[in-house]
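Visitor: I would like to learn how to read a model such as this one, feature by feature. Could we take the general idea each time, and then the case at hand?

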Amino acid sequence: MGTTSNFALRYPALTDTPDGATQIQNLADDTDAAILAQTTSEWVRPLTGYKAADTSRASTIALANDADLVVPGPAVNAVYEFEAFLFYTGNTQGTSDLKFQWSVPAGASLHYTAQWISTGGTVQVGAGHFDGDIIAAGTNGAGGYRAVTMKRTLIMGATAGALQLLWAQNTSSATSTTLREGCWWRVRRLA
């Protein structure tokens, strides 16, 4: 039995004993496997994460990892388009607020623009940031939902590891700051 040079699909050679049903089934199985391999590739399907439940933090200004907003394994030496959306609530503006930063593996870098409302209530648009930058975003009281949007480029180095969101309150408060269900991130491979 021969195989094609692309995708290694099995096909009957002229010298094979005719067995139409088996040969057609082999070709169908090989085709299904080749299609599945292509559609599950990170070149086709982005790596994504979604916060399915709220996470609250109170009385802490120490940045800590968010268990849901982590990209566990971007490929080394690859380049990705990066997007993220944070949806949050907290105490009155200037009382607790939200601070966050992104952590990347050694040798990697995240360059992004962000839009948010500062702790002073000013809209911040299009500011350029890097993975180690800490952004402080204002809260708006219980039920006063706020959002941060981010977009740009993740450049992985030769070291494997995760892209991870770290966050805390900007000013310690007994009233929780909460990252809400519906936060998400996505990276799509470019190179």
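Guide: Let us begin with salt bridges: the term is used here for a side-chain nitrogen of Lys or Arg within 4 Å of a carboxyl oxygen of Asp or Glu. Please keep in mind that this is a predicted model.

Visitor: Are Asp 66 and Lys 51 buried or exposed?

Guide: A residue is called buried when its relative accessible area is under 20%. Asp 66 counts as buried because its relative accessibility is 1%, and Lys 51, at 0%, counts as buried as well.

Visitor: Which parts of the chain are linked by the salt bridge between Lys 151 and Glu 81?

Guide: The side chains of these two residues, Lys 151 and Glu 81, meet at 3.8 Å, N to O. This pair links distant parts of the chain, with Lys 151 in strand β11 (residues 146–155) and Glu 81 in strand β6 (residues 79–89), 70 residues apart. Lys 151 is partly exposed at 41% relative accessibility, and Glu 81 is partly exposed with a relative accessible area of 23%.

Visitor: And what is the partner of Glu 83 in a salt bridge?

Guide: Glu 83 forms a salt bridge with Arg 186, where the closest N and O atoms are 2.6 Å apart. Here, too, distant parts of the chain are linked, since Glu 83 is in strand β6 and Arg 186 in strand β14 (residues 184–189), 103 residues apart. Glu 83, with a relative accessible area of 16%, is buried, whereas Arg 186, at 25% relative accessibility, counts as partly exposed. Salt bridges that share partners join Glu 81, Glu 83, Lys 151, Arg 186 and Arg 188 into one network.

Visitor: Turning to nonpolar residues, which of them have the most contacts inside the largest nonpolar core?

Guide: As a general idea, nonpolar side chains in soluble globular proteins tend to be buried together. In this model the largest nonpolar core has 31 residues, and Phe 100, Trp 102 and Met 150 are those with the most contacts inside it. At least two residues of this core are supplied by each of β5, β6, β7 (98–103), β8, β10 (135–137), β11, β12 (163–168) and β14, and the largest share, five residues, comes from β6. Leaving aside neighbours within four places in sequence, Met 150 is in contact with residues including Phe 82, Glu 83, Leu 86, Phe 100, Trp 102 and Tyr 112.

Visitor: Where is Ser 118 placed, and what does Ser 118 touch?

Guide: Ser 118 is found in the loop between β8 (109–117) and β9 (123–130), and counts as buried at 14% relative accessibility. Not counting residues up to four places away in sequence, Ser 118 touches Gln 93, Gln 124, Ala 136, Ala 137 and Gly 138.

Visitor: Which residues does Ala 64 touch beyond such sequence neighbours?

Guide: Ala 64, which lies in strand β5, touches Arg 57, Leu 165, Leu 166 and Trp 167 when residues up to four places away are not counted. The C-alpha atoms of Ala 64 and Leu 165 are separated by 8.1 Å, although the two residues are 101 residues apart along the chain. Ala 64 is partly exposed, with a relative accessible area of 30%.

Key:
Residues are numbered from 1 along each chain as its sequence is written. This is a predicted model: local features need pLDDT of at least 70, side-chain atom pairs count only at pLDDT 80 or more; totals for chains, interfaces and linings use all residues. Side-chain values use heavy atoms; hydrogens and water are left out. Helices (H or I, at least four residues) and strands (E, at least two) are DSSP runs, numbered from the N terminus. Buried means under 20% relative accessible area, exposed over 50%, partly exposed in between (1.4 Å probe, protein chains only). Contact means heavy atoms within 4.5 Å. A nonpolar core is a set of buried Ala, Val, Leu, Ile, Met, Phe, Trp, Tyr and Cys residues joined through side-chain atoms within 4.5 Å.
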